[in-house]
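Hi,

Here is the structure I promised to pass on. Have a look at it first, and then read my notes below.

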Amino acid sequence: MIKLFNILKIIICMDGTCNMNREKMISRLKSKINEKRFEHSLGVEYTAACMAMVHGVDIEKARIAGLLHDCAKCLPTKEKLEKARKHKLAVSKFEEKNPDMLHGKLGAYYAKSRYEVDDVEILDAITYHTTGRPNMTLLDKIIFVADYIEPNRKELKDMDIIRKEAFEDIDKCVIHILKNTLDYLNNSTNEMDFMTQLTYNYYVNN
C-alpha cells in the first residue's frame, strides 16, 4: 500500500496540488481513524484518482473525496447519531436504527468544517458513497465504486469483473455493485437502506 501511496503523491505533484494543506489533512485524518481505515482511505484515494484520469473527472476532487470519505467512520455508533442531531443533519428512520450509516453525512460535514472542503460536488460524493443516489454525478460514481474496489478490499463476488467495469463502463459497474449489495442484504439479516434500492431502480430503468 505504501508503494501505491508514493505513486499517488507523484501523480498529484505533477499538477501542482501537492502542498502542506494535504499534509495537514493527512495528519488530522490519521488522528481520527484507525490504521486499517486509514489504509483503506489511501486505497480509495489512489483508486479514485486513477478512475478520474480515465473518466475525465478532476483528479484533485476525486483524490480529496476518496481520502476523506470515511473521516467519520470510526466514531462510536451511538456518537454518530448524537453528532448528527447536534449538527442538525437529516436523519432517516433507518439511520436512527442504524447510526453507522450516518458516517457519510457526518463525513461530509467534517470535510467542510474540519478539513476546509467547500466544494459541493466533493461533499455530495462523500455523503452518498455508501448507498449511491439517483442521478449521481460522475464524481459520485467514482467514489462509490472506488470505495468498493480499492486494492485493500477483500475479494467479494465478481470483484475481478467489477474492477474491469470500473474503468470501461462505470454505469454498468455501479449497477453491478448495487445488485450484488442488494442480493447480499436480501439474503442476510441486515436491514437495507431505501436509498440503495432507489438508486438501483433508477439506474436499471434509465
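Is Tyr202 buried, partly exposed or exposed? Tyr202 is partly exposed, since its relative accessible area is 27%. Before I go on, bear in mind that this is a predicted model.

I started with the aromatic rings. Searching the whole structure turns up two aromatic pairs. In one of them, the ring centres of Tyr109 and Tyr110 are 5.7 Å apart with the planes at 70 degrees, so that pair counts as edge-to-face. Tyr109 is partly exposed at 28% relative accessibility, while Tyr110 is buried at 3%. The other pair is Tyr202 with Tyr203: centres 4.9 Å apart, planes at 80 degrees, and so edge-to-face as well. Tyr203 is buried, with a relative accessible area of 9%.

You'll find Arg133 in the loop between α8 (120–127) and α9 (138–149). Arg133 is buried, because its relative accessible area of 17% falls under the 20% cut-off.

Next, the core. The largest nonpolar core holds 52 residues, and those touching the most other members are Leu29, Met51, Leu68, Val117, Ile142, Val145 and Ile149. Helix α9 gives the largest share of this core, with eight residues. As background, nonpolar side chains in soluble globular proteins tend to be buried together. Val117 is in contact with Ile64, Leu68, Ala111, Lys112, Ile122 and Leu123, again not counting residues up to four places away in sequence.

Now for Asp118, which sits in the loop between α7 (103–113) and α8. Asp118 is exposed, at 55% relative accessibility. Apart from neighbours within four places in sequence, its contacts are Lys112 and Leu123. The side chains of Asp118 and Lys112 are joined by a polar contact of 3.3 Å. Ala108 is 10 residues from Asp118 along the chain, and their C-alpha atoms are 9.8 Å apart.

Last, a helix pair. The axes of α10 (residues 159–168) and α11 (residues 170–186) come within 6 Å and cross at roughly 145 degrees. On the α10 side, Ile161, Ile162, Glu165, Ala166 and Glu168 take part, and they meet Ile170, Lys172, Cys173, His176, Ile177 and Asn180 of α11. By class, that contact has six nonpolar, two polar and three charged residues.

Cheers

Terms used: Residues numbered from 1 in each chain as written. Heavy atoms only, no water. Helix = DSSP H or I, 4+ residues; strand = E, 2+ residues; numbered from the N terminus. Buried < 20%, exposed > 50% of the residue type's maximum accessible area, 1.4 Å probe, protein only. Contact = heavy atoms within 4.5 Å. Polar contact = N/O pair within 3.5 Å; in protein donor to acceptor, adjacent residues only side chain to side chain. Axes fitted to C-alpha atoms, helices over the stretch in contact; angles between N-to-C directions. Nonpolar A, V, L, I, M, F, W, Y, C, P; charged D, E, K, R; others polar. Core = buried A, V, L, I, M, F, W, Y, C linked by side-chain atoms within 4.5 Å. Phe/Tyr/Trp six-rings, centres within 6.5 Å; stacked < 30°, edge-to-face > 60°.
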